[in-house]
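I opened this notebook to record how parts of one chain meet.

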Amino acid sequence: MKQEMEKRKGGRIEESDEEKWVHDASVDYKGRIPLRASTGVWKASLFVLDLKTATNNANLWKGATTLLPMIGGFLGDAYTGRFRMVVFSSLVYFKGLSLLTMSQFIPNLKPCNNDICHQPRKVHEVVFFLALYCIALGTGGFKPCLESFGGDQFDGDNLEERKKKMSFFNWWTFTFSIALLLATTVVVYVQDFVSWGVAYLILAMFMALTIIAFYVGIPFYRYRMRPNANPFIPILQVLIASIRKRNLSCPSNPALLCEVPMSENSQGRLLNHTSRLRFLDKAAIVEEKYIEKKAGPWRLATVTRVEETKLILNVVPIWLTSLMIGVCIAQGSTLFVKQAAAMNLKISDNFKIPPASMASLSAFSTIISVPIYDRIIVPILRKVRGNERGISILGRIGIGLIFLVILMVVAALVENMRLRMPGHETMSVMWLIPQYLILGIGNSFYLIALQEYFYDEVPDSMRSVGMALYLSVIGIGFFLSSFLIIIVDHVTGKNGKGWIAKDVNSSRLDKFYWMLAVISALNLCLFLFLAKRFTYKTARRKATEIDCSNCDGVDTVA
């Protein structure tokens with residue numbers, strides 16, 4: 001590493017110039033140590049945000065993409081690297097959009113020759129489903145890796161860049177909301193009043209342009225060293241080593257545990273020891289019989305590897321309590337839409353708003369609230385609290401969970417009012433505006449904080465997997481929402497007065513919303529209990545460790 005710096009600095013190494021270079025295991029597009037001034041931060045992340053806009057506008061198929069990000073994130077972290085996975089998967093996605101476009105314009109690939117089609121051609125079905133699978137595979141690759149790659153452009157060990165990284169996740173969601181707003185207005189309009197083929201063509205062209213823009217940013221990006229191992233293997237090694245040494249007592253001084261000396265560490269960051277899950281510390285105990293000889297990684301682990309294992313185990317309860325977020329978000333695109341369809345949709349004498357377009361209000365609310373939070377609230381809280389983040393990650397999630405409780409209460413009250421309206425009157429759809437606005441404000445808290453949490457509080461080598469876990473909160477939340485509806489319908493439908501009936505007018509969605517409000521409140525209490533006992537990950541640049549040469553056999557994965 002020093003030789004590389006000598007080469008790029010003309011043979012001179014000056015301690016005062018250390019801040020000119022990024023020492024967080026990143027490299028530039030030529031494999032060299034990145035120069036801080038010309039790589040990373042916003043100049044690089046803007047290319048990533050641009051690509052995200054296109055891919056969210058073109059998100060046409062959600063069903064098969066729920067679990068694929070877990071696979072894509074794992075492959076990106078373990079084998080291909082995040083950048084390569086983004087490039088490959090975005091091209092696969094573009095291929096899917098191109099096939100969809102061709103299936104609407106090429107005569108032999110069209111469903112049929114007539115406007116009214118009773119039975120589509122077999123070749124059209126093959127091309128259509130091939131396109132959908134390409135879109136699903138592409139989404140599974142770039143969704144987790146693109147955001148984690150964007151976060152990699154900021155050095156977490158540098159104060160100024162760390163603050164910029166906190167803003168990155170805010171503006172990521174801001175860009176996503178703009179894409180959602182365009183998807184629920186412009187794209188829907190083109191599909192309904194022009195043609196599906198033209199809509200596909202516009203999306204494919206936009207995707208092509210943003211892929212080109214992503215390529216233009218190559219000289220500015222910072223790249224993580226190419227992964228050389230499965231990141232789950234070190235976690236398994238820690239578990240096995242701690243079980244093998246279960247009868248040993250943990251030393252009172254954590255400095256006696258095995259750790260790679262800072263001077264010999266060239267891959268990734270070293271993590272500080274924490275007092276949680278002390279049983280796992282036994283994996284880093286140096287046994288007397290291995291003082292003179294090396295111990296393998298299945299027998300002895302470093303403190304950093306132990307702490308990374310603790311991180312993964314601590315993610316589980318936070319992930320479970322976050323699933324309720326996905327359940328409540330699901331109502332915005334399902335039952336809320338059914339409510340809107342049963343209401344007076346007239347905005348004026350000549351215009352009726354499509355029920356599905358009401359979702360644009362939540363996107364609009366997020367677009368307004370994110371800049372307010374990032375540019376006004378955070379700077380004020382930084383000064384008042386002396387905290388560089390303003391609000392902690394879990395604190396921000398907690399505020400978002402409070403908004404979820406308020407959301408379901410408001411939704412229940414509005415639905416109860418709608419059901420009490422006289423039979424000859426129909427409530428205006430404008431009454432749904434408050435709950436959609438609350439949903440958007442809540443998104444600016446819990447969604448962004450969840451992205452930060454699953455990026456920061458997982459091992460550095462598993463950040464794409466972490467983003468996949470974040471995405472699974474939304475995906476599994478939709479499945480849980482469907483499951484709850486089935487259970488509620490089965491239980492309440494026994495007496496013939498089910499809460500979920502054939503139509504919203506004969507249903508009692510207000511009671512269903514009250515149930516979700518109670519569950520959300522209980523979930524909030526459980527989350528606060530976990531958050532109060534949570535310890536955040538901390539890394540160190542300079543420290544004194546025990547130089548245990550017998551842990552040379554321990555693998556290191558960046």
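The entries below take the helix pair and then the salt bridges.

I worked on a predicted model, in which local features need pLDDT of at least 70, side-chain atom pairs count only at pLDDT 80 or more, and totals for chains, interfaces and linings use all residues. Residues are numbered from 1 along each chain as its sequence is written, and side-chain values use heavy atoms, with hydrogens and water left out.

**Helix pair.** I looked up helix α6 (residues 159–193) and helix α13 (residues 433–456), whose axes come within 9 Å and cross at roughly 130 degrees. Helices are DSSP runs (H or I, at least four residues), numbered from the N terminus. Axes are lines fitted to C-alpha atoms over the stretch in contact, and angles run from 0 to 180 degrees between N-to-C directions. I noted which residues meet: K165, M166, F169, N170, W172 and T173 in α6 and I448, Q451, E452, Y455 and D456 in α13. Contact means heavy atoms within 4.5 Å.

**Salt bridges.** I used the rule that a side-chain nitrogen of Lys or Arg lies within 4 Å of a carboxyl oxygen of Asp or Glu; the count comes to 20 salt bridges.

I found K165 and D456 joined by a salt bridge (3.6 Å, N to O). K165 is in helix α6 and D456 in helix α13, 291 residues apart. Both K165 and D456 are buried (under 20% relative accessible area; exposed is over 50%, partly exposed in between; 1.4 Å probe, protein chains only).

I also found E388 paired with R162 at 2.7 Å, N to O, in a salt bridge. E388 is partly exposed at 26% relative accessibility, and R162 is partly exposed at 23%.

Key:
Helices (H or I, at least four residues) and strands (E, at least two) are DSSP runs, numbered from the N terminus.
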